[in-house]
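Me: Hello! Could you walk me through this fold with a few questions and answers?

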Amino acid sequence: MGKNARQITVRTETAEHGDVRLRCGPFPTSVVVGRGLLPRLNSLTGRDECPFVVADEITGPLFGDYPGKRKGLHLLPRGEKGKSLSSIGGIYTSLAGCGMERSDTILALGGGVTGDAAGFAAATWMRGIRLIQCPTTLLAQADSAIGGKTGANLPEGKNLVGAFHPAEWVLSDVECLRSQKEEDFRQGLAEAVKYGAGEDWNFLSWLEENAGPILRRDCGVLLRLVSDCSRMKLAVVSEDEREQTGARARLNLGHTVGHALEAASGFGRWKHGDAVAAGMMVAARLALRLGELQENTVRRIGRLLRSFGLPMAPDLPWDEIAPYLAMDKKFSGGSPRLVLPGEGKPCRLRDDIPLSLLREAYEERTAPLDGTSF
């Protein structure tokens, strides 16, 4: 990656079939990005796998047979309701029915919701069993499947219940992305922009230069996009696997406001990537106020988000999101700890910014979600 990437060595190699394989030091996850990975599950992992597959109502019928033999299959409902405690309880019932043992494996086959829910089940079934992530959405391949975060939503907020449980393997098959609905595909593009504005500005330039092929879903370009995002994610989580030093919080650029928008809208109208995009613009405006970004750079981020069809502004009044902001895991003693981008450098966590300044930046960016904000 470019000069702004962290100096953490991620071992990268191009293997058979053009696969890109990534591994970072002692972090327990191996990532493979390629085409046609699911039918090659056993050869990639080097084991005779017979996993219990957790998918959703769409990915199960589409991809559920590709891994070959399986111990069982559980289908989650679509959307954030698949991460409710009751939905995860249904996974436990299916695991018990199949006689799952501590030596068995759960394979998560789907997007971020499936990965989080299946990962939480794997982390807690018999106090932890082996996990393989096979993400089928851009959001999951570029971000959520890597790093070991699992979780469930509560009415009070998103991901308030969870555990760190890294997958042994993350197998990102970019061919799966060609079948994604446009609305769902753009959710992952928000995470890609986050890596550019938050970790490596050279990557942001690459996204700008390749926006057309990305939107056409050229598999070669998608392989590069997912590989680069995976490399940056591995580097950051290897610094701070369990969020103890603050380094991993950099990955939450745009997420403080984004998660609040999702929760305040009942995890329905605001999808994750859309909410992160709007939150990123709030963070960029706040960074501009603090002299961390230039006006042209804020406009640059906004242009790229717009080119990917992402919203540039929230639409809910501050008072509606404020209770959910207070539940943000980065807050300490009721005070915000905010991730802000910096001009030409990686973002950083700030704990010296009054909540009133965040509100001002938020209200500056509030606009109706009527199409004009896209």
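Me: Glad to look at it together; how many helices and strands does the secondary structure of the protein chain come to?
Reply: This is a predicted model, where local features need pLDDT of at least 70, side-chain atom pairs count only at pLDDT 80 or more, and totals for chains, interfaces and linings use all residues. Residues are numbered from 1 along each chain as its sequence is written, and side-chain values use heavy atoms, without hydrogens and water. Helices (DSSP H or I, at least four residues) and strands (E, at least two) are numbered from the N terminus. The protein chain has 14 helices and twelve strands.

Me: What is the radius of gyration of the protein chain?
Reply: It is taken over C-alpha atoms, and the globule rule is 2.2 Å times the number of residues to the power 0.38. For 374 residues the rule gives 21 Å, and the chain's value is close to that, so the chain is as compact as a globular protein of that length; the value is 20 Å.

Me: Is Gly279 buried or exposed?
Reply: Gly279 lies in helix H11 (residues 272–289). Buried means under 20% relative accessible area, exposed over 50%, partly exposed in between (1.4 Å probe, protein chains only). With a relative accessible area of 3%, Gly279 is buried.

Me: Nice! Which residues of helix H13 are buried?
Reply: Helix H13 spans residues 318–325. Its buried residues fall within an arc of 75 degrees seen down the axis, so they line one face of the helix; the arc is that of the directions from the helix axis to the C-beta atoms. They are Trp318, Ile321 and Leu325.
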